[in-house]
Amino acid sequence: MTFALAVDCGLVVLVLGMAIWTIAARTTFPAVAGFVAYGLLLTLVWMRLAAPDVALTEAAIGGGLTGVLLLGATSRLRATAQSAAAERPSAPFRLIVAGLCTLISAAIAAVVLLLPDPAPTLAPEAGAKLSLTGVGNAVTAVLLAYRALDTLLESAVLLLALVGVWSLAPDRFWGGAPRSLALRYRDGSLSLLGQVLPPIGIVLGVYIVWVGADAPGGKFQGATIIAAMWVLTMMAGLQNPPELGRAWVRLILVAGAAFFLAAGIAGFWLAGAFLAYPPGFAKPLIVAIEAALTLSVAATLGLLVAGPSARPVRT
Amino acid sequence: MSLILDAFTVVAVSLGAVFFLAGAVGLLRFPDTLTRLHALTKADNVGLGLVVLGLLPQAERPLAAVKLVVAWLLVQLASGTVSQLIARAARRAGPSA
């Protein structure tokens, strides 16, 4: 008990220290490195809180994918880093930012600390109705049955984020391919990894989606791994990002959300409500929606890393 | 029998932790990128290998043991490639980096 407590206290100190380091770092690269380490430490925290689903998501999205996106931003900002570092916001402005951040942190802390003990929970009800959904993992049941609307909106938000990135492209490149992710020089070891790892990673990603019905895992975590494999092959120079205007690219991107929406609308006739599943068909429908969403989420995440169009459309 | 296996686990995992500690000390103390990488690879390869080896007898099912070994092999593959990339980038940047 005391040993576990010591480990937990050490984790808390490390997480807080890493958070302070990330904020205090003067340049972007150390800040991003700190942020990735912070994400991995948070993963351990979620594991200690017995929340493996959240831990997997934090490792895949919080540490991994966000880290890669921020690293990409760092390399794009390198040209202007000097002038940005020279400009310091005025003291009153910094004071206002610090004040607002403190206010938000204090409000969140107050909400958590003022929760009645035991905290109100729907977990027993969610567990009691689990057999109706056919899935064994309560987290998946919440995401795709009880609160399916949230997940539907989430998949739409991801598409909006991609549209936001795409809209940074100059008009003359619209619909063209993003710039190549490959290194400037050929590297034998990276292209070896780019050929050996993807078969393993894709199987692992599909496995995590599949097992998510009954155990920790799910479409977001699995899709992130699949997207990582795609990005790896692009970085190794084995393939280039596709042209963003192609019909098949757009189709894959919207397939998940479109199928989810169609299944939801079909619920009006088949089960009497939007996003309701007909009795007995809940599990096959959930697995089918997860499969379609996996494909779309993986493609969206990969293209988020690839960035906006940077080349004219080939004719 | 289970006492011997438990003792084996404690010894192997502790030895692995020593390698991680040595790797971390080397990362902090060694003078340049290449020697620091050299210290890190010891922690990754041998340290994690010993930790996995020590945890093998504690696996509840054979499949769990296989997963542990696969995790170690994947780390080998990834850390080997990343070390290579960092070393190459360091050599391009020059000896002072």
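What percentage of the 97 residues of chain B count as buried? The answer is 11%, where buried asks for 20 or more other C-beta atoms, placed from the backbone, within 10 Å of a residue's own.

A note before the views: this is a predicted model, in which local features need pLDDT of at least 70, side-chain atom pairs count only at pLDDT 80 or more, and totals for chains, interfaces and linings use all residues. Residues are numbered from 1 along each chain as its sequence is written, while chains are lettered from A in the order in which they are written.

**View 1. Chain B and its helices.** Chain B has 3 helices and 0 strands (DSSP runs: H or I of at least four residues for helices, E of at least two for strands). Read from the N terminus, the order is α-α-α.

**View 2. The dimensions of chain B.** Along the principal axes, the C-alpha atoms of chain B fill a box of roughly 55 × 25 × 10 Å. The radius of gyration of chain B, taken over C-alpha atoms, is 16 Å, whereas a compact globule of 97 residues would be near 13 Å (rule: 2.2 Å times the number of residues to the power 0.38).

**View 3. Where chain A meets chain B.** The contact (C-beta atoms, placed from the backbone, within 7 Å) takes 6 residues from chain A and 5 residues from chain B. On the chain A side there are 4 nonpolar, 1 polar and 1 charged (Ala, Val, Leu, Ile, Met, Phe, Trp, Tyr, Cys and Pro are nonpolar; Asp, Glu, Lys and Arg charged; the others, Gly among them, polar).

Methods
Two residues are in contact if their C-beta atoms, placed from the backbone, lie within 7 Å. A residue is buried if 20 or more other C-beta atoms lie within 10 Å of its own, exposed if 12 or fewer, and partly exposed in between; C-beta atoms are placed from the backbone.
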